[in-house]
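Dear colleague,

Please find the structure below, followed by a short account of what was found in it.

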Amino acid sequence: MDCLFCKIVAGNIPAQIVAKNDFVTAFNDITPQAPTHILIIPNQHFENIGQVAIKDEKLVGQMFQMAEEIAVDKKLTGYRTVLNTGASAGQSVFHAHIHLLAGRAFAWPPG
């Protein structure tokens, strides 16, 4: 499979890993949109979060649990999670992932 995120999980492409367990990996985004911008991905390939929810609903919870653990570890006073599903919604890497953003004020509604 020619998936960038699968290669990161396998250790074939370097990344700044923030956290990792048997199910989920988190690493710094290479084009951060906030002072803290971490991607949280399932170690198994799923095209988008909808597929994760259908095939392994517990894994969705593990992804959000890792987000909270990172926030506590980094002493974030608040954070935003973003999930893009499909190209028209802004998904550019078709491996499910959560963006964890923090370290600046965020506008509402997001564009």
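**Aromatic pair and sheet**

F5 is buried, at a relative accessible area of 4%, where buried means under 20% relative accessible area with a 1.4 Å probe and protein chains only. F27 is buried too, with a relative accessible area of 3%.

The model is predicted, so local features need pLDDT of at least 70 and side-chain atom pairs count only at pLDDT 80 or more, while totals for chains, interfaces and linings use all residues. Residues are numbered from 1 along each chain as its sequence is written, and side-chain values use heavy atoms, without hydrogens and water.

The structure holds one aromatic pair, a pair being Phe, Tyr or Trp rings (for Trp, the six-membered ring) with centres within 6.5 Å. F5 and F27 form this pair edge-to-face, at 5.4 Å centre to centre and 75° between the planes; planes over 60 degrees apart count as edge-to-face. F5 belongs to helix α1 (residues 4–10) and F27 to strand β2, 22 residues apart. Helices (H or I, at least four residues) and strands (E, at least two) are DSSP runs numbered from the N terminus.

Strand β2 (residues 24–28) pairs with β1 in the antiparallel sense over three bridges; pairing requires at least two DSSP bridges. F27 in β2 is the bridge partner of I17. These strands belong to an open, antiparallel sheet of five, ordered β1-β2-β3-β5-β4. Its edge strands, β1 (17–20) and β4 (80–82), each pair on one side only.

Yours sincerely

Key: Rings of Phe, Tyr and Trp (its six-membered ring) pair if their centres lie within 6.5 Å; planes under 30 degrees apart count as stacked, over 60 as edge-to-face and the rest as tilted. Buried means under 20% relative accessible area, exposed over 50%, partly exposed in between (1.4 Å probe, protein chains only).
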